[in-house]
Amino acid sequence: MTASGRALSVEVCTDERAFAELAGEWERLYRACPSVTPFQSHAWLHSWWLSYGTPGRLRLVLVRRSGELVAAAPLMRVHHPLPAVVPVGGAITDFCDVLLDEAVAAQGAQALADALAGMARTALIDFREVRPGGAMERVYLCWRGPRHRMRDSACLELPAVPMGELVGRLPSSRARRVRNKVNQLARLGVESRVVSHDQTEAALRRLLELHRLQWQDRKVSPEHVRPRFLEHLVRSVVPMARSGGAAVTEFVFEGAVVAASLNLLSGGLAGLYLYGFHPQLRERKVDVATMLLHASGEHLAAGAEPGVLSLLRGDEPYKYRWCPETVVNQRFLLARRRTVPLLAAAVCDTAARSRAKKVLRGEPGPPDHR
């Protein structure tokens with residue numbers, strides 16, 4: 001295959017040490033791919049692999065032009081519930097995607113599709129949580145075999161603007177309540193600060209402790225209290241903060257840090273990934289969501305590039321108070337003739353799970369025309 005007169009070479013890397021050594025050229029490719037999210041950074045993906053990866057299952061598809069990395073697909077092999085090749089990142093990663101240098105995007109996408117076709121002879125390519133407009137869409141369009149596109153998780157998004165503009169989007173009665181809550185923060189003297197990158201590790205440890213306190217005596221996500229999750233966050237977010245790809249905000253009240261939040265950043269997209277707060281804020285009737293969005297909006301609006309503040313996956317009721325836009329991630333299933341049964345099984349399983357959720361929520365099913 002050639003691109004602008006120069007050949008593209010493709011390699012499937014399974015060496016974990018080689019993955020670590022890709023940091024520099026991966027970062028260049030990351031900057032050349034306009035659709036990336038923070039979850040495609042080398043710092044996030046490699047750290048995730050160190051905490052959660054299974055030795056022997058790494059599958060990095062690397063496409064080079066004259067030695068320069070111009071496309072990459074961070075993948076791994078799994079065996080349950082079906083033999084499949086899936087993105088590196090797992091459940092704690094909100095957006096998955098491949099990376100394509102925009103200068104050779106068409107050729108790079110075809111090269112990735114051809115490499116995936118080899119893998120699809122024995123496993124289903126199951127690529128989940130692709131944000132609309134992601135680079136994986138181009139690979140899907142290049143696919144020459146059986147394929148299927150499905151809806152995946154819903155994400156809620158807001159414009160990355162100061163609180164005044166955000167409130168202006170709300171109905172008048174709700175806007176008035178929000179302004180009162182912002183004024184209450186000022187009266188109480190709650191202040192926010194974005195920590196410097198050299199303080200990020202300590203701030204992350206405080207954030208997770210506050211997250212634990214926030215959920216004490218209630219059901220917390222089990223992964224968030226495990227040591228490997230803390231290790232992953234420290235290992236990934238500290239270098240991301242140094243390069244401008246992450247920001248930890250702390251909230252101080254009466255001289256103590258009472259809350260903290262983590263925003264992950266790339267181009268025009270920011271994601272409010274995790275937060276924690278001391279229960280005393282509930283006692284003071286502080287609206288934590290207002291506090292977080294006020295600080296995030298002010299910080300992001302100060303950047304040179306206007307963009308989007310994603311509340312990431314999940315449809316918690318508090319998010320809808322802000323009139324967000326619902327953006328649905330995509331799931332791409334790719335197969336060859338021998339693996340078509342795996343594709344059909346995945347589609348049927350997803351449909352069955354969707355019907356079961358509707359039954360549990362009490363939603364009506366399709367009409368019976370018998």
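Biologist: In this predicted model, what makes up the lining of the largest cavity by class?

Modeller: By class, the lining of the largest cavity has 8 nonpolar, 2 polar and 1 charged residues. The residues that line the largest cavity are Phe 39, Gln 40, Leu 45, Pro 74, Pro 87, Val 88, Thr 93, Phe 95, Cys 96, Asp 97 and Phe 127. Asp counts as charged, and Asp 97 is among the lining residues.

Biologist: How much space lies in the largest cavity, and how many cavities of 30 Å³ or more does the count come to?

Modeller: About 40 Å³ of space lies in the largest cavity, and the count comes to 3 cavities of 30 Å³ or more.

Biologist: Turning to the helices, why are H3 and H9 called roughly antiparallel?

Modeller: Helix H3, residues 42-52, packs against H9 at an angle of about 160 degrees, and their axes are 9 Å apart. Angles over 145 degrees count as roughly antiparallel, and H3 and H9 are therefore roughly antiparallel to each other. The contact is made by residues including Trp 44, Trp 48 and Tyr 52 of H3 and Phe 229, Leu 233 and Met 240 of H9. By class, this contact of H3 with H9 has 9 nonpolar, 4 polar and 3 charged residues.

Biologist: In which hand does H8 pass H9, and in which hand does H3 pass H9?

Modeller: H8 passes H9 in a right-handed crossing, and H3 also passes H9 in a right-handed crossing.

Biologist: What makes H7 and H11 roughly perpendicular?

Modeller: The axes of helix H7, residues 172-188, and helix H11, residues 288-301, cross at roughly 80 degrees and come within 10 Å. Angles of 65 to 115 degrees count as roughly perpendicular, and H7 and H11 are therefore roughly perpendicular to each other. In this contact, Val 178, Lys 181, Val 182 and Leu 185 of H7 meet Thr 290, Met 291 and His 294 of H11. By class, the contact of H7 with H11 has 4 nonpolar, 2 polar and 1 charged residues.

How values were computed: Residues numbered from 1 in each chain as written. Predicted model: local features only at pLDDT ≥ 70, side-chain atom pairs only at ≥ 80, totals over all residues. Heavy atoms only, no water. Left-handed = near helix turned anticlockwise from the far one by under 90°. Helix = DSSP H or I, 4+ residues; strand = E, 2+ residues; numbered from the N terminus. 1 Å grid on protein atoms, 1.4 Å probe; cavity = no way out; pocket = protein on both sides within 12 Å on 5 of 7 lines; lining within 4 Å. Points joined across faces, edges and corners; volume = space filled by probe spheres on them. Axes fitted to C-alpha atoms, helices over the stretch in contact; angles between N-to-C directions. Parallel < 35°, antiparallel > 145°, perpendicular 65-115°, else oblique. Contact = heavy atoms within 4.5 Å.
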